[in-house]
Amino acid sequence: MSQNIPYGRQSISEEDIAAVVEVLRSDFLTTGPTVAAFEADLAGVAGTTHAVAVSNGTAALHAALFALGVGPGDEVIVPPITFVATVNAVLYVGAQPVFADVDGETLLIDPERVAEQITPKTRAIIGVDYAGQACDWERLRAIAEGHDLSLVADACHALGARYQGRPVGSLADLTVFSFHPVKHITTGEGGAITTDDEALATRMRMFRSHGIAATPADRDRQVTWEYSQVALGYNYRITDIQCALGRSQLARLEPWVAARRAMAEAYDRDFDAVPSVRPLLSLPDRDHAYHLYMVRLTDLPGALDRGAVFRALREQGIGVNVHYIPVHLQPYHRETLGTGPGLCPVAEAAYEGLLTLPLYPGLTDGDRVRVVQAVCDAVQAS
Ligand SMILES: *Cc1c(COP(=O)(O)O)cnc(C)c1O
């Protein structure tokens, strides 16, 4: 049966379409004024002086670690509950990912576990603002400053979130966003890094275009054909076509986050009376952006497990999902890093009961009631 309620989906308006068409009729399809305008808008939302837009969130992670100079011989502390891209980016620059377990209630990286993993080789900490809730950036900042480490936020889930009143984007040295269609706003594929550090922003701009320092526009202004490749970069550019969509979408971020939050709170209330379905903890000093709505299934009756509940919901056309299989249990990482079960017991135990329920701005109250009813039926079946 088709998944007629997906776990997430984009919203595209006529204004979005018109904005894209306008760029198609203009002189610049890529590396033009709309990229710069999108970057300025994004820096405004993040509360930073710079934003650098790139081809996707994974490229943004890669650019961030490159800009910090992380490389072979360095260790980078990462959480196990994240998309594989967070860990892969560490490997792209030749560094060693070191897993620090998560907090059992929020599934955010646990600052105590982070502190335990620090060695003389540690260069950076990547915190993932999982589900759309900011990490404990104050404690992570204190640890980083105490050991002279860089702080990177993987905020691919958390555009529009806040921590102690401050916007996500301005809390780490570098903050990474993704604009894949399941995320808060989309450019089709796309990503960005926000920062207050001009030198890092300049390095990332060079990195996204082969390691070449000057853009074609710079060369036009200087009336020269010369350019210097000063590092080994990549083609990680984003187009003006994509950024037109991004700008148009970004204008609707606030109402979208408010809608997601209202729906998540309604889910929380619906599950109040269902002891075997426990929402993740949302902390009072953070404004959760709810990229994802996750529950943990506990104490299911008899032979019932998360897999059975997952299949029962999928059979009814409800696009439940699981975010994420702990990265240190992936075959590639087991093989190359020598990780495996037992390394992050809190993450591993939480994973067994995790289930992502549908959440996106177009989800209706009727859809939510249908999802909740189906979850309740599934967990009560024996
Ligand atoms: C989506 C996502 C990424 C990667 O973003 P892409 O744009 O798909 O490359 C990285 N980290 C997390 C936590 C994500 O959710």
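**Close-up views of a predicted model**

**View 1. Residues around the ligand.** In this predicted model, 14 residues surround the ligand, and the closest are Gly57, Thr58, Asp154, Ser178 and Lys183; a residue is near a molecule if one of its heavy atoms lies within 4 Å of it. The residues of this shell divide into four nonpolar, eight polar and two charged, where Ala, Val, Leu, Ile, Met, Phe, Trp, Tyr, Cys and Pro count as nonpolar, Asp, Glu, Lys and Arg as charged, and the others, Gly among them, as polar. Helices α3 (57-67) and α4 (84-92) each supply at least two residues of the shell; helices (H or I, at least four residues) and strands (E, at least two) are DSSP runs, numbered from the N terminus. Residues are numbered from 1 along each chain as its sequence is written. Local features in this model need pLDDT of at least 70 and side-chain atom pairs count only at pLDDT 80 or more, while totals for chains, interfaces and linings use all residues, and side-chain values use heavy atoms, with hydrogens and water left out.

**View 2. Polar atoms facing the ligand.** An oxygen atom of the ligand lies 2.7 Å from a polar backbone atom of Gly57, and a nitrogen atom of the ligand lies 2.8 Å from an N or O atom in the side chain of Asp154. In the side chain of Tyr324, an N or O atom is 3.4 Å from an oxygen atom of the ligand. The ligand taken alone exposes 380 Å², of which the protein buries 92%; accessible areas come from the Shrake-Rupley method with a 1.4 Å probe, and for residues only the protein chains shown count as cover.

View 3. Most peptide bonds are trans. His323 and Tyr324, however, are joined by a cis peptide bond, with omega about 5°, and Tyr324 is found in the loop between α11 (306-315) and α12 (331-337).

**View 4. Two loop residues with positive phi.** Most residues other than glycine have a negative phi. Asp148, in the loop between α6 (137-147) and β5 (150-154), has a positive phi of about 55° although it is not a glycine. Asp299, in the loop between β12 and α11, also has a positive phi, near 50°. Asp148 is exposed, with a relative accessible area of 71%, and Asp299 is exposed too, at 73%; buried means under 20% relative accessible area, exposed over 50%, and partly exposed in between (1.4 Å probe, protein chains only).

**View 5. The largest nonpolar core.** Of the 95 residues in the largest nonpolar core, Tyr130, Trp137 and Ile193 touch the most other members, and the largest share of this core, eight residues, comes from α3. Such a core is a set of buried Ala, Val, Leu, Ile, Met, Phe, Trp, Tyr and Cys residues joined through side-chain atoms within 4.5 Å. Among the residues that Tyr130 touches are His323 and Tyr324, where contact means heavy atoms within 4.5 Å. A second, separate core of 29 residues includes Leu357, Val371, Val372 and Val375.

**View 6. The enclosed helix α9.** Nine of the 11 residues of helix α9 (residues 240-250) are buried, so this helix is largely enclosed by the rest of the structure. The buried residues, including Cys243, Ala244 and Leu245, pack against α1 (14-24), α2 (33-46) and α10 (253-271).

How values were computed:
Polar contact = N/O pair within 3.5 Å; in protein donor to acceptor, adjacent residues only side chain to side chain. Lists of a residue's contacts leave out its neighbours within four places in sequence.
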